[in-house]
Amino acid sequence: MAERFFHPQIEHLHDPFLMKDMDKAVARLKKAVNDGERICVYGDYDVDGITAVALFYLFLEKIVANPESLGFFVPDRYLDGYGLSKRGVDYAYDNNVSLMVVLDCGIKANEEVLYAKEKGIDVIVCDHHLAEGEIPQAYAVLDPKREDCPYPCKDLSGCGVGFKLVTAYCLEYGLNLRQYAYPLLDLAAMSVASDIVPILGENRVLSYFGLMLLNTHPRPGVQALFELANIKPFHTENASRTAPPARGCTQPRFFTRELTTNDLVFSLGPRLNAAGRVQDGKNAVRLLLCKDERSAREIAKLIDVNNRERKNLDHLATEEALEQIKQDPEAETKSSTIVFKESWNQGIIGIVASRLIETYYRPTIVFTTTANADKNTLVGSARSVKNFNIYDAITACSELLEHYGGHKYAAGLTIKAENLQAFMSKFEKVVKETLQGEEPAQEIEIDDELLFEEITPELVSAVKEFAPFGPLNPNPIFISTHIKDNGSRRLKNNHLKLSLFQTNSRSYPINGIAFQQGDAYEKIKEGHSFDICYHLEENTFNGITNIQLNVQDIKTNF
């Protein structure tokens, strides 16, 4: 097991034909390719869906005789809502499509799949969400969470399921995996990181080799987005130097520093998501499909504008939501948070829910009206706290809802306005009964205590061997005590830049960064010590790499 963990091999991926219906899906896809049928690739508007659409479309481009027979559709968050929509089926029908491959959604689209069948369109569903009740009557339904599916890895992303269909097709019809499938692993890695699925087992293999690809041969759209996040190509910053090798291989690194899952989650993911939140998720797919740098930069700039607009919208809505909570006389005694304002942008309410949890650590739902201005229908986005299954809590109130779906920690729902108060009361009751008087506490789990003199390049390299980090394989958190700042602390955009030393350790000062912890600026007074918990990381600037502490929390001792 240890050998597989520390030295992932592409051969560790499971046989894709272990997945229920895989043989049917492969055969139907082969028929469509042989007969020159028009195929539509359909996927959700988040990063998982966007990468899944791009991955499958790029694969089809290589195997069909006429690329003009291909199309893709990303639902409009406001016109279509989540999942397979009748408008999407109509688009396929109007374009003479006879096969739809639906990715990262579809497992609950019974009505829409029947609608497609009535129009003579076969549907292959590639999903990773839980089914409820009857499986859609699609031509094939690939979902490792199906009760009758024996596939060993139950936690694939939607894009991961699409990748398994690609590998199955290659294996069945003798296509070289290294030519047709493995060059798509970067997209699978992006989906694994952004969809917050456990990075263990098969997901670890996909992430490991996908990150290797991103670090050595990023596609033009990815390169353009990272440049906007100020992560530059190595050759532009160090024209006279040779780039060091990327982790796990001998090929030179493309960027000035090594990309990690954090870069996918915090730099790439939000920008790709912003396209669907503010404007059109299809732009994110077009970016990933770009073959030339010029076109990629143009689309990336548009998406970056979307991202800045998204930040402004969610900042304003968060401030309004916090004020709404303050005005509630019962807010302090509640076990849940539910807020509503009809003017909030539907695309950012999930982000607002996450922001509210940073202040009020409890299950949270943010509601607004639908984008079609139907004030009688509200949409909500739910986010949860550690060890609380918000999907189950919402299910307990389902008789008051029109639609809902999601996971343990995140969900979406639709409700009639007249049912909102009743839902708020019942949801609060369900949360309170589930918690049984134990209010959730925001905790940081410490892995070990370190003296600064123990923080060496060798230790940082050893920790990196556990990467890629993510759910069920978190980046280790260390604690150090009796810390002081040398007086050079700086505050910028609520982030603290620190130069730290330890009074009880023979060591050199170590740089630290504390994101969103500007409130600690005044607490860290010269001459006073404090304790910190942190991740170990490397920071590269002007071609020079140094150890940096990514500070997660600061505890003052006065």
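These legends cover close-up views of a predicted model. Residues are numbered from 1 along each chain as its sequence is written, and local features need pLDDT of at least 70, side-chain atom pairs pLDDT 80 or more, while totals for chains, interfaces and linings use all residues. Side-chain values use heavy atoms, leaving out hydrogens and water.

**View A. The second largest pocket and its lining.** The space here is about 320 Å³. A pocket is an open set of points on a 1 Å grid over the protein atoms alone, where a 1.4 Å probe fits, with protein on both sides within 12 Å along at least five of seven lines. Its volume is the space filled by probe spheres set on the points. Lining residues have an atom within 4 Å of a point. There are 14 of them, and R178, Y182, F209, M212 and L213 are the closest to the centre. Helix α9 (residues 201-216) gives the most, four residues. Helices are DSSP runs (H or I, at least four residues) and strands likewise (E, at least two), numbered from the N terminus.

**View B. The loop between α18 (457-464) and β12 (478-485).** P468 lies in this loop. The peptide bond from A467 to P468 is cis, with omega near 5°. L472 is in the loop too. Its phi is positive, about 70°, although L472 is not a glycine.

**View C. Q516 in the loop between β15 (510-514) and β16 (530-541).** Q516 has a positive phi, near 55°, and is not a glycine. Q516 is exposed, at 53% relative accessible area.

Technical notes. Buried < 20%, exposed > 50% of the residue type's maximum accessible area, 1.4 Å probe, protein only.
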